[in-house]
Amino acid sequence: MGRADLVLSREAPPARVVADLAARLGEAEAALVRVITALSRLEPVSAEVAALAGVQVRPVPPCIPLGALPVHADAVGMRFVTVVDLLGDQGLLAASAYRALRARTADVTPLVRRWMTGASARDGRDALALRIAGVAMRPLLRHLSQSLEPADAPPCSASGHCPYCDGEPDFSTPARAARVLYCARCDAAWRAPRAGCAFCRETRPDRLAFRRTGEPPYGLEVCASCRHYLKSVEVPVSEYLAIERALSAPLDSGARAAGLVG
Ligand SMILES: [Zn+2]
Ligand SMILES: [Zn+2]
């Protein structure tokens with residue numbers, strides 16, 4: 001008898017659960033938990049959801065052509081501002097960066113188009129604006145990928161990319177003879193082989209490193225061949241992906257500082 005697959009919920013965690021958790025954490029960790037769980041509560045507006053009916057979903061992965069997603073400037077702009085304000089309120093943005101990002105709301109549509117095509121950033125601040133544009137589009141993308149995900153169990157995919165939006169995974173949980181990967185872009189989950197790098201399939205032991213860190217322990221798998229890292233947890237604090245992402249966020253800063261790609 002193997003262990004059952006551990007699949008975290010992609011729903012927004014209840015406010016009470018977040019408040020209880022934040023009360024037990026230090027200030028910086030509590031701020032991250034509040035921001036990341038608040039982002040999971042963003043929703044698309046009904047006009048955007050209605051427009052999704054016009055998106056031609058492909059029968060084979062990646063099913064969702066990102067460039068075909070409808071862009072409703074008002075709705076995306078509202079979410080863009082919400083994200084910037086959240087980061088500002090929790091002290092995660094310098095005042096000048098906050099003002100500069102707020103000013104980008106006016107050109108949110110071209111920003112989203114650039115995010116859709118994977119355009120490269122002009123500088124650090126532009127990179128942050130592009131990331132926030134992606135976060136502002138996530139509720140809509142998630143709505144679509146959720147409608148394609150099987151209800152009973154994650155689909156199997158040996159690819160290192162999300163079967164729905166082609167995004168890369170940022171988190172994993174254990175499954176029977178496999179692992180469940182979660183898409184950093186749309187939160188979809190899929191079952192992937194346990195062995196080797198999730199991104200480039202490197203299997204040579206001397207190219208892969210794994211360490212556990214923090215309390216409770218989150219895992220960090222690092223591949224020396226493609227320089228990607230993947231976070232994981234075997235015994236999560238909660239049943240929610242947003243909370244596990246937030247609690248393991250300090251690992252992201254460390255890994256990025258070491259020149260790794262998340
Ligand atoms: Zn995805
Ligand atoms: Zn790799």
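What radius of gyration would a compact globule with 262 residues have, and what does the protein have? The globule would come out near 18 Å, and the protein has 18 Å, so the two agree. The radius here is taken over C-alpha atoms, and the globule rule is 2.2 Å times the number of residues to the power 0.38. Before going on, keep in mind that this is a predicted model: local features need pLDDT of at least 70, side-chain atom pairs count only at pLDDT 80 or more, and totals for chains, interfaces and linings use all residues. As for labels, residues are numbered from 1 along each chain as its sequence is written, while chains are lettered from A and ligands numbered from 1 in the order in which they are written.

Let's start with the overall picture. Along the principal axes, the C-alpha atoms fill a box of roughly 55 × 45 × 40 Å. The secondary structure comes to nine helices and six strands; these are DSSP runs numbered from the N terminus, with helices being H or I of at least four residues and strands being E of at least two. Of the 262 residues, 34% are buried. A residue is buried if 20 or more other C-beta atoms lie within 10 Å of its own, exposed if 12 or fewer, and partly exposed in between, with C-beta atoms placed from the backbone. If you look at contacts with a separation of 6 or more, 62% of them are between residues 24 or more positions apart. A contact means that the C-beta atoms of two residues, placed from the backbone, lie within 7 Å.

The chain is divided into domain 1 (42-148) and domain 2 (169-257), with bounds that come from an automatic or database domain assignment. Their centres, taken over C-alpha atoms, are separated by 24 Å. Five residues from domain 1 and four residues from domain 2 make the contact. On the domain 1 side, those residues divide into one nonpolar, two polar and two charged. In that scheme Ala, Val, Leu, Ile, Met, Phe, Trp, Tyr, Cys and Pro count as nonpolar, Asp, Glu, Lys and Arg as charged, and the others, Gly among them, as polar.

Now for the inside. The largest nonpolar core has 60 residues, and I132, A133 and M137 have the most contacts inside it. Such a core is a set of buried Ala, Val, Leu, Ile, Met, Phe, Trp, Tyr and Cys residues joined through C-beta atoms within 7 Å. Helix α7 (residues 124-148) supplies the largest share of this core, 10 residues. The core also draws at least three residues from each of domain 1 (42-148) and domain 2 (169-257). Zoom in on A133: setting aside residues up to four places away in sequence, A133 touches F80, V108, L111, V112 and W115.

Helix α6 (residues 108-116) holds R114. R114 and A133 are 19 residues apart along the chain, with 9.1 Å between their C-alpha atoms. R114 counts as partly exposed because 18 other C-beta atoms lie within 10 Å. Apart from neighbours within four places in sequence, R114 is in contact with A119 and L130.

Back in α7, we find L148. Is L148 buried or partly exposed? With 16 C-beta neighbours inside 10 Å, L148 counts as partly exposed. Beyond neighbours within four places in sequence, L148 contacts V57, C63 and Y164.

Strand β1 (residues 169-175) is mostly covered, with six of its seven residues buried. Strands β1 and β2 (residues 178-183) pair in the antiparallel sense over six bridges; two strands pair if DSSP finds at least two bridges between them. Here T173 stands opposite V180 in β2. The β1 and β2 hairpin has two residues between the strands, and A177 takes a positive phi near 50°. On to β6: β1 runs parallel to β6, joined by two bridges, and F171 stands opposite K231 in β6.

Further along, six bridges join β4 (residues 208-213) to β5 (residues 218-223), and the two run antiparallel. R212 stands opposite G219 in β5. Their hairpin has four residues between the strands, with G214 at a positive phi near 90°. Strand β5 also pairs with β6 (residues 229-233), antiparallel over five bridges, and Y218 stands opposite V233 in β6. In that hairpin there are five residues between the strands, and R227 takes a positive phi near 65°.
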